[in-house]
Structure formats: C-alpha cells, structure tokens
Amino acid sequence: MDRLRKNTKIIFGIFCGLFISLIVYLSYFTACEREKLIQSSYNRRLWEQEDRVTRGTIYDAKGRPLADTVIDNNVKKRIYPGGEAFGPLIGYSDRRLGRAGLEDVFNGELLGVIEKDPMILLRQKILGVSDRGNDIYLTIDSELQKTAYSMFRGRRGALVAMDPNTGAILALVSSPGYDPSNLQKKWDSLVKNPDKPLINRATQGLYPPGSAFKIVTLAAALVSHPEIEKKVYYTPGYVKINGRIIRDYEGLWPGNYDITNAFRYSSNTVFIQIGQEVGKDDLFSMAEAFGFNARVNTDIPAATSTIPRPPMLGGEVELAEDSIGQGKILTTPLQMARVASVIASGGKLVTPYILQKSVSPLGIERSVHNIEAPKQVMNKSVADEIKALMVDVVKNGTGSPAQIEGITVAGKTGSAQNPFGKTHAWFVGFAPAENPKIAVAAVVENAGGGGANAGPIVREVMLQYLNSLQDK
Amino acid sequence: MELKMEAIYNKTLSATALIGFIAFLLLSLKTSPFSPVPIYGAIAFAAIMFTGYFLSNSLLYGQDSALFILACFITELGLIMLYRIDPAVFMKQINWFALGVLAFILSSIVVKYWVNLKINPLYFFAITVILLLLPLAFGVEKGGSRSWIQIAEYSFQPSELAKITFVLFLAGKLKDGRIDGVLRLAAEILAVAGLLAMARDLGGAMLFYLTALALVFAATSRWDLTAAGLAASAAASVLGYFLFGHVRVRVEAWLNPWQDVPGRGYQIVQSLFAIAQGGFFGTGLGLGHPEYIPAVATDFIFSAFSEEFGFLGAAALIIVYFLLVYRGIKISLTVKNSFLALAALGIVTLFGLQIFTIIGGVIKLIPMTGVTLPFMSYGGSSMVMSFISLGILNGIRLNERRQEADG
C-alpha cells in the first residue's frame, strides 16, 4: 500500500512536469514565435488588421514620404509620392495583388502588429492610437535615388549606392521602374512588359560580374601570393586553356603587363594567368569571404550571389572563367556594392541595411537593424593596395568616364558577356578614395562597355551625394 | 474547519457565476441588435450549477466540492467560447452540462455505496471490448475516426465510457500489487489499444495504453515492465509512422507545418495563428477570429480561448486543469482500499493525459491527436463522461469516508 502511495506521488510528479511544460512552451511561443506568425502572409488576420489600422508611412532618410496613406471619402488609399524611381524598391500592398518590396518586408511594422511589449500595447489601446501602424524611416536619399534612376533613361539595369563604412543603403534603383499608385489599372501591362519592371534588379537580378570581379581575383592574389605584385606577365592577346580560347578585348595591345597595367586595362589573359597561380581553392574561398554563396542577413531580401564550388579534379576552364568574372559566377548589384565597400572600408565586409528606424504612434523610436559586426576580409594594407589600383583605373584606365574634378574616384569596370546580346556594362567604385563616403555598383544590361555606359551613371550619383554632404 | 471551507467554496461558486454573467453580458452587448439570449444562457448556467452544488452537497455529505466547482468553471469558459462560435451549439451544450451534473451526482452515489468490490475484472474487460467493437461494427465516421455510433439524431462515442470500464478492469487486475500472467495482461491491454487504433482513434489508443502502463507501474513498482512498455510504445510509434499514411501526415504537420500550409499543415497553422494573435493579454472576448480555426468547437477550442483570453487566460486554464488533477491524486492517496485507489489514479491519469495531449497538440508541443478537451470541447459524450469520471472520484472519497465511519 505504501508502495502504491509512493508511486502515485511519482506519477503526480510526472503530471507536474507535463503541465509545467505546457505553460513553459506557451510562454516561449508567446515571447519568441509569435511575431513571425502574426506577420505570416498566410495569416488572414493581417488583412483584417489592414482594414482596421492606418498603414504607417515610409519616409526616406530626410523625412520625405515615399509611401503614405490618405483617406479619401472614407476610403483609405495608399499613395507613392516617389513615383517610378521607387516602384521596385518600395513595392506595393494591395488586397488583390498581394504585397511586394518594402511594403511586404516591413508589413508587420507598418501595420503595427510587430509590437511585443504588452505594456506598450496596453498604453496604445488606452490612448486610442492602436489603429495606426508604425512609421518607418529608410536610409535612402530620395533625391539621389531619383537622379540615379533618371540616369538610366529607361534602359534595363540597376544601381546600389551605400555607405561603405556602415552598410546603410543610400540608393537602390532598378530600371525600368513603375509607379505603384493605382497599380490595379496598370497591372496587366506591367506583367506583360518584356523589360519586367516589377522585378527589383538591384536585389533579385543575377548577372555575371565580368571584369568587376577582378577585384576579388586581385585580392586573392595579393593575400595568398604577395610576390605577384612584382611579376610581369606576357600576353599575346589571347589564352588557350584545354582547347578553349579566351581573348582580351580588341583595344588591348599584346605585350608585357605588370599587375597595375593588367588591372588598369583589364586584361583577361593576364588575370587568367594570375588566377592559375592563385589556384581554384584560394580564389573560391576569397570569393566566399567577399560574401558570395551566403544569404545576405539583412532587412532587405536579396538573391544569393553564387560562385560554384571548384571541382576536385580539373576545372582549368572554370578557374580561368572565374578569374575574370565570367562563366558560372552570378551576382546581384547589391553584392557588387558590398565588394566595392570591402575595399573602401579597408577590408571589412559590411552588411547592407535599409531601415534606419521605426517610430510607433506613441513616438517610441526603435532602430531595428540588428546587423552583424563587419568581418575583416583582408588586411587594411592589402585593401589599400587594391584601392590604389582602382584609383589608377579611373585616372588612367578603363574607368576614366567616372572621373570627377577635385575628387579621387576609385573604380573598376566590367563588360560581362552574356547569351542575350551585347555585354552588360558594370561599374563598381567608391569616392573619395582617401575617405570613402559612398560605394556604388551599377549595371546596365546589354549596353556594351562598362566604363562608357555605367561609368557616367556612377559618376553622377557620387557627385550629387558628395555635394549634398558638403551642403550640410 | 468544514464551515470555513464551505464559505470558501460558496465564494468561489459566486465568483464563477459572476464571471458568467459578465462574460455573457459582454456577448449580449456585442451582438447588434442587442440580444438577451446570452443572459438567459448565464442564468441557465448559474441555475444548473447552484442546483447541482446544493443537491450534491445535501445528498453527499463530505464530498469534495472543489471537483465540482472547478469542473463548472471550466465548463463555463467552454460555454462562453461556444456561444462566441455558434449560439446553436451553445444551446445543445448547456443541456449536456445539465445532464453531466446529474450524472456526476448519480455516479457519486453509486460509487459511494459500492459494496461488492469482488467483481471479476474480466467482466470489465469484456464490457470494454464490446464497447470498442460497437463502433467498428455499427459506427459512423466522424472527423477521420470511426469511433461514433449514431442512434436517431444523437451520436455517441462508446470509447468515452470504455475509459471507465478499462480503468476498473486494470484496477481489479492489479489491486493485489502483483500481476498474475504478465503476457496475458499485456495481450489484454494491447487488444484494447488495437481496437482503438483500428477505429483510427490513435490519440485514444495512446491514452489507454499509457494509462495502463501508469497503473502497472503504480501497483507493482516494476520499472522493467514500465521501461519495456515505453520502449514498445516508441517502437509502435515509429512503426505507425512508416505503416500508416495518416500518422505520417500528423507527424509531418507537427514537424514542419509550413511546408504545406493550405494542406496538411492547415489546422495546426490556423491554431498557432490564433494563439499568436492572442499574445499576453488576448484580443478580448468577442474580438478574435475563431471562425478561422477548423474544428474550433471540439479539438481546437483551446486555441480560440487563447486568442481571446491571451497567454494569461490560457495559463490560468491549464492551472485549473492541473488543480483538478491534483484533487484527484489527493483522493487516490487518501484511499486505503487498493482497488479504489488504483481506480482513482487511473481516472486521473486518463484525464490528465488527455488534457496534456490536446493542449500540447494545438500549441504544437507534440503532434496533434484528435481528442477532446474535457468540459470545454463541444460534445455530449465527452461532457457527460467527464462529469461521470469526476463523480467516480468523488464517490471513491465518499466510499472511503463511509467505510471509516463504519469501521
């Protein structure tokens, strides 16, 4: 009998454990999982919330509205004062069409459902402001964005400008864009448009980087084989690897090139030779250190830029193609802006972000970006060497269209071959070289040479941004 | 002492009635145009509760009033949610509540005067098996399991009644603290669990099996048998996962409901959305969206409750259930007759496991199995049998007191 009593107590102990686990799990769920679920696009309650609350406003860095809700005859209407230049970035929120862009990413903030602190929720209820979502402030400079967009003149392409030291995105342009106001009427023509304006090319477009990738090859060479710096390479204007011929561009003279000249004039054949000396593994790991093959952990979702893992055996052709940014490497303009930032910031890989802060209806400000600390990709001395070579590219080489009087611009061009026609024009750079304030990557699809086509766009963006800093 | 307790019970009872009036008044005000029906509901509930309380107190001197009051409180919360979900369902449920209270008193009386303790457990086993065979032979399918029989417009779940006969069978078998014929007992337990599994009531099969295991452990202290039993159930789960499609669906919906939200993950995801929406304080009564949750009146009523009453309400509800388990265990500990002690323990174990299974299921702590939440879920069988379970616990306590007085 005593045995039965003892065992009954053990069973009661087990029940204590089971019931406590229910409450503990429920607490964990309420504290940690809740936010994600509330914002899930499968959650029908979101649309209810949408009807009830006034969606918050999206502002640029200087407080200019980019998306706002106005009440017109008791009907809430979302307006987008930024127009076409902002469409692919800001996106839309429409009951029939769904959500896209930042309207989607920050939906929880804009609807105010993200608030976790129960006391704040209670205060909002009491003060009667619970029917308004949070306003958000982006890091975007809308004047810069408009200028950049207009420089594309409707051509397909994208541009990302960021602060190379912090990762704050200053402009994120995809061209052609669209005006998200009154979207339902335009929807069919936008969907049918062969230029696909609904896609945000800056974050979702995956392009071969072409010669702009030589920054990475150069970094791998300088880190793992510093002696390359003093070597001289001969090029007859082409190189043959396993029967495959890869040529320099027509304007390049055959002859002897040191690393400065090879980078200045963007010699494919010399960089293939450098790549062979670096080896496929070192090149691959340097590319990964630059952020390839990793999801960007940021508040703006971007496609992952990829470089294929080198095969165990062989792979000479692949290595040659990788060294000059052709072949199977694919990158987003956002990733190339990060590549430029690595050099600009003395070797640090920053995480880009676009949300500066959110402001609740009670005026409580919150900086939401929980950014990882930048990783050191290479020594500052190596970064500074590459920086000097990039300055030279703009001063004397392929990047000359990006020159700005009185400001030292560093850059690298790329003319990426692709199966769809003329080369994609790339320009990746930053300025001022001595104390970089802005890093830019731009691509113009099928436009031809990088310097001539993408260079002037980047130049204009840098100039305007640096002037605006001076005005302050 | 008794008087002091009585005063506490009376206060609790009044508070329960008051909560009912406030909640139903809110529901009245919320319906536009103003509807007095919920108020009538509150009056009906209070009338049944008070009548049941005073009737049972006068008939059964020395009963454990806490059991009845806690059960009424949970029933009330269930009724409030059911009115929210569908007033027609509420009307039916309040009748079941009345019937449950009556069944509580009757079963208390029957057990109190239960003198002949020497019923051969084989009879209970036979009744259990017959009860479980009934739906397999004449049953109708409901919610994926074939565990219902339909008589006229009423459908009834015999496995609810089988819970009690099964526990009595085990208590009779194990009352001497040893097992005559381990293999035979194992075969009998597995036969019962197997019949439930054949009706696709896997949650039920698991509850019966684990309860049997708990009783074997409690009566014999045989760790080896308990461990073997647990290992066997683990093996059966793995086997079930590979053999039966519907087990796989449940487990996959539990592991990753996001893979197929419109399909197999639908139920659990809607449940989680509701609980998430509730947050700490809840949306408030009448302000949630129970209509988005499937099977909200039965399996998922806890999710709807969590949405409107929040984490605080849900945790409080879990604690109230826990208190019921505690009172049951306490009764089992005070009883000297080992048959009655085991019977009490068995009923509490089934009851407690069932609560853990369904709440754990809807909050995605464990895979979802379709069992009802006692006193809250809509359904006559569940409501009446839950009250009978409590009545038996109450009766066991009274029986003990009666024998003490006699001796």
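Is B:Phe309 buried, partly exposed or exposed, and what is its relative accessible area? B:Phe309 is partly exposed, at 26%. The legends below describe close-up views of a predicted model.

**View 1. B:Phe305 and B:Phe309 form a stacked pair.** Their ring centres lie 4.5 Å apart, and their planes meet at 15 degrees. Planes under 30 degrees apart count as stacked, so this pair qualifies. Both residues sit in helix H12 of chain B, which covers residues 301-334. They are four residues apart, about one turn of the helix. B:Phe305 has 2% relative accessibility, so it counts as buried. B:Phe309 has a relative accessible area of 26% and is partly exposed.

**View 2. B:Phe125 and B:Phe169 form a tilted pair.** The search of the whole structure gives 30 aromatic pairs over all chains. In this pair, the ring centres are 5.1 Å apart and the planes stand at 45 degrees, so the pair is tilted. B:Phe125 belongs to helix H5 (residues 121-138) of chain B, and B:Phe169 to helix H6 (residues 158-174) of chain B. The pair therefore ties together parts that are 44 residues apart in sequence. Buried means under 20% relative accessible area. B:Phe125, at 16% relative accessibility, counts as buried. B:Phe169, at 0%, counts as buried too.

**View 3. An aromatic cluster gathers residues of chain B.** Its members include B:Phe45, B:Phe50, B:Tyr53 and B:Phe54. Also among them are B:Phe68, B:Phe97, B:Phe104 and B:Phe351.

**View 4. Strands S17 and S18 of chain A form a hairpin.** Two residues lie between the strands. S17 spans residues 410-418, and S18 spans residues 421-431. They pair in the antiparallel sense over eight bridges. One of the contacts to look for joins A:Ala416 to its bridge partner in S18, A:His424. S17 is mostly covered, with seven of its nine residues buried.

**View 5. Lysines sit over aromatic rings in chain A.** A:Lys357 lies over the face of A:Tyr137, 4.8 Å from the ring centre. A:Lys412 places its charged end over the ring of A:Phe263, at 5.4 Å from the centre.

**View 6. Residues of chains A and B make a nonpolar surface patch.** The patch has an area of about 510 Å². A:Met119, A:Leu122 and A:Ile126 take part, together with B:Phe281 and B:Leu312. Helix H6 of chain A (residues 118-127) gives the largest share, three residues. A:Met119 is found in this helix.

Definitions and conventions. Residues numbered from 1 in each chain as written. Chains lettered and ligands numbered in written order. Predicted model: local features only at pLDDT ≥ 70, side-chain atom pairs only at ≥ 80, totals over all residues. Heavy atoms only, no water. Patch = residues over 30% accessible without salt bridge, like charges linked within 9 Å, V, L, I, M, F, W, Y side chains within 5 Å. Areas by Shrake-Rupley, 256 points an atom, 1.4 Å probe, with all protein chains shown as cover. Salt bridge = Lys/Arg side-chain N within 4 Å of Asp/Glu carboxyl O. Buried < 20%, exposed > 50% of the residue type's maximum accessible area, 1.4 Å probe, protein only. Pairing = 2+ DSSP bridges. Phe/Tyr/Trp six-rings, centres within 6.5 Å; stacked < 30°, edge-to-face > 60°. Lys NZ or Arg CZ within 6 Å of the ring centre and 35° of its normal.
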